[in-house]
Amino acid sequence: MAKYPLIKSTLKDRLLGGHYTEGLPLPSEPQLAREFEVSRMTARRAIDELEREGYVYRVQGAGTFPTGKRFRQGMFRVRPFKEWARHPDHRTTVLRAMQIEATPEIAIVLQIQPGDPVIFVHRLRTAGDEALVIEKRYINAALVPALLEHNLGVESIHETMVTLGVPLQRVEQNLEAVNLRQEEADLLRVPLGTAAFLLRRTTYSGQRRASYVNYWVRGDRYAFQDTFEP
(Lines give C-alpha, C1' and ligand atoms only; values in the text may rest on other atoms or scores of the structure.)
Protein backbone atom coordinates (compact mmCIF):
# COMPACT_ATOMS: atom_id res chain seq x y z
CA MET A 1 0.00 0.00 0.00
CA ALA A 2 1.24 3.50 -0.85
CA LYS A 3 2.71 5.40 2.08
CA TYR A 4 1.94 8.87 0.73
CA PRO A 5 -1.41 9.30 2.59
CA LEU A 6 0.17 8.21 5.88
CA ILE A 7 3.10 10.62 5.47
CA LYS A 8 0.79 13.53 4.67
CA SER A 9 -1.53 12.70 7.59
CA THR A 10 1.37 12.33 10.02
CA LEU A 11 2.95 15.63 8.98
CA LYS A 12 -0.41 17.42 9.18
CA ASP A 13 -0.97 16.09 12.71
CA ARG A 14 2.49 17.29 13.68
CA LEU A 15 1.86 20.74 12.20
CA LEU A 16 -1.51 21.11 13.91
CA GLY A 17 -0.04 19.87 17.18
CA GLY A 18 2.79 22.40 17.17
CA HIS A 19 5.47 19.72 16.73
CA TYR A 20 7.39 21.96 14.32
CA THR A 21 8.53 25.38 15.54
CA GLU A 22 7.36 28.39 13.55
CA GLY A 23 10.25 30.12 11.85
CA LEU A 24 12.32 26.93 11.66
CA PRO A 25 12.29 24.61 8.63
CA LEU A 26 10.75 21.17 8.59
CA PRO A 27 12.98 18.15 7.98
CA SER A 28 14.23 18.10 4.41
CA GLU A 29 12.76 15.77 1.78
CA PRO A 30 15.74 13.38 2.05
CA GLN A 31 15.30 13.31 5.85
CA LEU A 32 11.58 12.58 5.52
CA ALA A 33 12.29 9.91 2.92
CA ARG A 34 14.65 8.17 5.36
CA GLU A 35 12.24 8.53 8.30
CA PHE A 36 9.29 6.99 6.44
CA GLU A 37 11.39 4.63 4.32
CA VAL A 38 10.05 5.96 1.02
CA SER A 39 11.48 7.60 -2.07
CA ARG A 40 12.26 11.30 -2.10
CA MET A 41 9.54 11.72 -4.73
CA THR A 42 6.92 10.30 -2.34
CA ALA A 43 8.04 12.65 0.43
CA ARG A 44 7.91 15.58 -2.00
CA ARG A 45 4.35 14.69 -3.00
CA ALA A 46 3.22 14.90 0.64
CA ILE A 47 4.92 18.29 1.05
CA ASP A 48 3.42 19.55 -2.23
CA GLU A 49 -0.09 18.74 -1.00
CA LEU A 50 0.50 20.37 2.39
CA GLU A 51 1.78 23.48 0.62
CA ARG A 52 -1.28 23.60 -1.64
CA GLU A 53 -3.55 23.33 1.41
CA GLY A 54 -1.73 26.15 3.17
CA TYR A 55 -0.01 24.26 5.98
CA VAL A 56 3.55 24.99 4.82
CA TYR A 57 5.45 27.32 2.49
CA ARG A 58 8.78 26.95 0.72
CA VAL A 59 11.69 29.36 0.65
CA GLN A 60 14.20 28.62 -2.11
CA GLY A 61 17.51 27.60 -0.65
CA ALA A 62 16.20 27.67 2.94
CA GLY A 63 13.64 24.86 3.16
CA THR A 64 9.97 24.29 3.98
CA PHE A 65 8.36 26.18 6.88
CA PRO A 66 5.10 25.82 8.83
CA THR A 67 2.56 28.58 8.20
CA GLY A 68 1.33 28.42 11.77
CA LYS A 69 -1.22 26.35 13.61
CA ARG A 70 -4.77 26.31 12.24
CA PHE A 71 -7.30 26.62 15.02
CA ARG A 72 -10.48 24.56 14.81
CA GLN A 73 -13.40 26.57 16.10
CA GLY A 74 -17.15 26.89 15.80
CA MET A 75 -19.74 25.23 13.65
CA PHE A 76 -20.98 25.69 10.12
CA ARG A 77 -23.66 24.15 7.98
CA VAL A 78 -23.89 23.74 4.24
CA ARG A 79 -27.17 24.17 2.42
CA PRO A 80 -28.70 20.74 1.63
CA PHE A 81 -28.77 19.67 -2.02
CA LYS A 82 -32.58 19.52 -2.11
CA GLU A 83 -32.79 23.20 -1.10
CA TRP A 84 -30.25 24.13 -3.76
CA ALA A 85 -32.12 22.17 -6.44
CA ARG A 86 -35.44 23.91 -5.72
CA HIS A 87 -34.25 27.23 -7.15
CA PRO A 88 -35.26 27.54 -10.82
CA ASP A 89 -31.95 29.19 -11.73
CA HIS A 90 -29.79 26.49 -10.17
CA ARG A 91 -28.35 23.58 -12.15
CA THR A 92 -26.24 20.55 -11.26
CA THR A 93 -24.23 18.94 -14.05
CA VAL A 94 -22.92 15.40 -13.61
CA LEU A 95 -19.44 15.46 -15.15
CA ARG A 96 -18.73 11.82 -14.32
CA ALA A 97 -20.54 9.07 -12.45
CA MET A 98 -18.98 5.64 -12.54
CA GLN A 99 -17.72 2.70 -10.53
CA ILE A 100 -13.96 2.63 -10.07
CA GLU A 101 -11.43 0.68 -8.04
CA ALA A 102 -10.34 2.31 -4.78
CA THR A 103 -6.89 3.84 -4.91
CA PRO A 104 -4.70 3.39 -1.81
CA GLU A 105 -5.57 6.96 -0.76
CA ILE A 106 -9.35 6.50 -1.10
CA ALA A 107 -9.16 3.06 0.51
CA ILE A 108 -7.64 4.63 3.62
CA VAL A 109 -10.30 7.35 3.76
CA LEU A 110 -13.22 4.92 3.33
CA GLN A 111 -11.56 2.20 5.45
CA ILE A 112 -11.77 -0.40 2.68
CA GLN A 113 -9.16 -2.29 0.70
CA PRO A 114 -7.35 -0.94 -2.38
CA GLY A 115 -9.15 -2.24 -5.45
CA ASP A 116 -12.53 -2.49 -3.74
CA PRO A 117 -15.42 -1.02 -5.76
CA VAL A 118 -16.10 2.67 -5.23
CA ILE A 119 -18.72 4.90 -6.85
CA PHE A 120 -17.18 8.16 -8.04
CA VAL A 121 -19.46 11.15 -8.69
CA HIS A 122 -18.09 14.41 -10.09
CA ARG A 123 -20.65 17.23 -10.22
CA LEU A 124 -20.64 20.96 -10.94
CA ARG A 125 -23.21 23.37 -9.48
CA THR A 126 -24.07 26.52 -11.37
CA ALA A 127 -26.39 29.49 -10.79
CA GLY A 128 -27.33 31.13 -14.05
CA ASP A 129 -24.08 31.46 -16.00
CA GLU A 130 -21.81 31.21 -12.97
CA ALA A 131 -20.07 28.01 -11.87
CA LEU A 132 -20.01 28.00 -8.07
CA VAL A 133 -19.26 24.58 -6.54
CA ILE A 134 -17.28 21.52 -7.65
CA GLU A 135 -18.05 18.21 -5.98
CA LYS A 136 -15.94 15.05 -6.06
CA ARG A 137 -17.54 12.24 -4.08
CA TYR A 138 -16.40 8.69 -3.33
CA ILE A 139 -18.94 6.16 -1.99
CA ASN A 140 -18.45 2.62 -0.75
CA ALA A 141 -20.15 0.75 -3.61
CA ALA A 142 -20.81 -2.31 -1.46
CA LEU A 143 -23.36 -0.27 0.49
CA VAL A 144 -25.32 1.15 -2.47
CA PRO A 145 -24.65 -0.86 -5.65
CA ALA A 146 -27.78 0.60 -7.33
CA LEU A 147 -26.86 4.28 -6.81
CA LEU A 148 -25.77 4.83 -10.42
CA GLU A 149 -29.24 3.88 -11.64
CA HIS A 150 -30.55 7.19 -10.24
CA ASN A 151 -30.53 10.64 -11.84
CA LEU A 152 -27.78 12.28 -9.82
CA GLY A 153 -28.22 15.57 -11.63
CA VAL A 154 -31.45 16.25 -9.75
CA GLU A 155 -31.44 13.81 -6.81
CA SER A 156 -29.75 14.26 -3.45
CA ILE A 157 -27.13 11.55 -3.04
CA HIS A 158 -27.62 11.63 0.72
CA GLU A 159 -31.38 11.07 0.46
CA THR A 160 -30.98 8.47 -2.27
CA MET A 161 -28.60 6.44 -0.10
CA VAL A 162 -31.11 6.53 2.77
CA THR A 163 -33.88 5.45 0.40
CA LEU A 164 -31.70 2.54 -0.73
CA GLY A 165 -31.42 1.32 2.86
CA VAL A 166 -28.22 2.99 4.06
CA PRO A 167 -28.92 5.01 7.23
CA LEU A 168 -26.58 7.99 7.56
CA GLN A 169 -26.11 9.04 11.18
CA ARG A 170 -22.96 11.14 11.50
CA VAL A 171 -20.95 13.64 9.48
CA GLU A 172 -17.41 14.88 10.04
CA GLN A 173 -16.37 17.93 8.06
CA ASN A 174 -13.47 20.29 7.73
CA LEU A 175 -13.39 23.69 6.02
CA GLU A 176 -10.17 25.29 4.78
CA ALA A 177 -9.06 28.09 2.49
CA VAL A 178 -7.02 26.88 -0.51
CA ASN A 179 -5.70 28.15 -3.81
CA LEU A 180 -7.30 26.48 -6.80
CA ARG A 181 -5.30 24.17 -9.01
CA GLN A 182 -5.69 24.29 -12.79
CA GLU A 183 -8.47 21.67 -12.99
CA GLU A 184 -10.71 23.37 -10.44
CA ALA A 185 -9.91 26.88 -11.71
CA ASP A 186 -10.92 25.87 -15.25
CA LEU A 187 -14.24 24.41 -14.08
CA LEU A 188 -15.07 27.46 -11.96
CA ARG A 189 -13.83 29.78 -14.74
CA VAL A 190 -11.48 31.75 -12.50
CA PRO A 191 -7.70 32.34 -12.68
CA LEU A 192 -5.27 29.67 -11.51
CA GLY A 193 -4.45 30.13 -7.82
CA THR A 194 -7.70 31.92 -6.97
CA ALA A 195 -8.62 31.57 -3.28
CA ALA A 196 -11.56 29.28 -2.54
CA PHE A 197 -13.07 27.20 0.24
CA LEU A 198 -12.36 23.47 0.35
CA LEU A 199 -14.92 21.52 2.37
CA ARG A 200 -14.10 17.88 3.14
CA ARG A 201 -16.94 15.76 4.48
CA THR A 202 -17.01 12.14 5.66
CA THR A 203 -20.43 10.56 6.26
CA TYR A 204 -20.91 7.47 8.41
CA SER A 205 -23.46 4.67 8.35
CA GLY A 206 -23.13 3.20 11.81
CA GLN A 207 -19.40 2.73 12.31
CA ARG A 208 -18.68 2.42 8.59
CA ARG A 209 -17.54 5.27 6.41
CA ALA A 210 -20.11 5.41 3.63
CA SER A 211 -19.10 8.53 1.70
CA TYR A 212 -16.22 10.97 1.36
CA VAL A 213 -16.64 14.21 -0.59
CA ASN A 214 -14.58 17.27 -1.45
CA TYR A 215 -16.36 20.53 -2.33
CA TRP A 216 -14.44 23.42 -3.89
CA VAL A 217 -16.53 26.55 -3.30
CA ARG A 218 -15.89 29.97 -4.83
CA GLY A 219 -14.85 32.29 -2.03
CA ASP A 220 -16.11 35.39 -3.83
CA ARG A 221 -19.66 34.00 -4.07
CA TYR A 222 -20.16 32.17 -0.76
CA ALA A 223 -20.24 33.07 2.93
CA PHE A 224 -20.81 30.58 5.73
CA GLN A 225 -22.96 31.52 8.68
CA ASP A 226 -24.64 29.85 11.64
CA THR A 227 -26.78 30.69 14.66
CA PHE A 228 -26.19 29.07 18.02
CA GLU A 229 -26.52 29.60 21.76
CA PRO A 230 -23.30 30.90 23.39
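1. Helices here are DSSP runs of H or I with at least four residues, strands are E runs of at least two, and both are numbered from the N terminus. Bear in mind that this is a predicted model: local features need pLDDT of at least 70, side-chain atom pairs count only at pLDDT 80 or more, and totals for chains, interfaces and linings use all residues. Residues are numbered from 1 along each chain as its sequence is written, and side-chain values use heavy atoms, with hydrogens and water left out.

2. On to the salt bridges (a side-chain nitrogen of Lys or Arg within 4 Å of a carboxyl oxygen of Asp or Glu). The whole structure has 13. One of them joins Glu49 to Lys8 at 3.5 Å, N to O. Glu49 sits in helix α3 and Lys8 in helix α1, so this pair ties together parts 41 residues apart in sequence. Both Glu49 and Lys8 are buried, meaning under 20% relative accessible area, where over 50% is exposed and in between is partly exposed (1.4 Å probe, protein chains only).

3. Glu135 is in strand β5 and Arg123 in strand β4 (residues 117-127), so the bridge links parts 12 residues apart in sequence. Glu135 also bridges to Arg137, at 2.8 Å between the closest N and O atoms. Relative accessibility is 1% for Glu135, so it counts as buried; Arg137 is buried as well, at 9%.

4. There is also a salt-bridge network linking Glu29, Arg40, Arg44, Asp48, Glu51 and Arg58.
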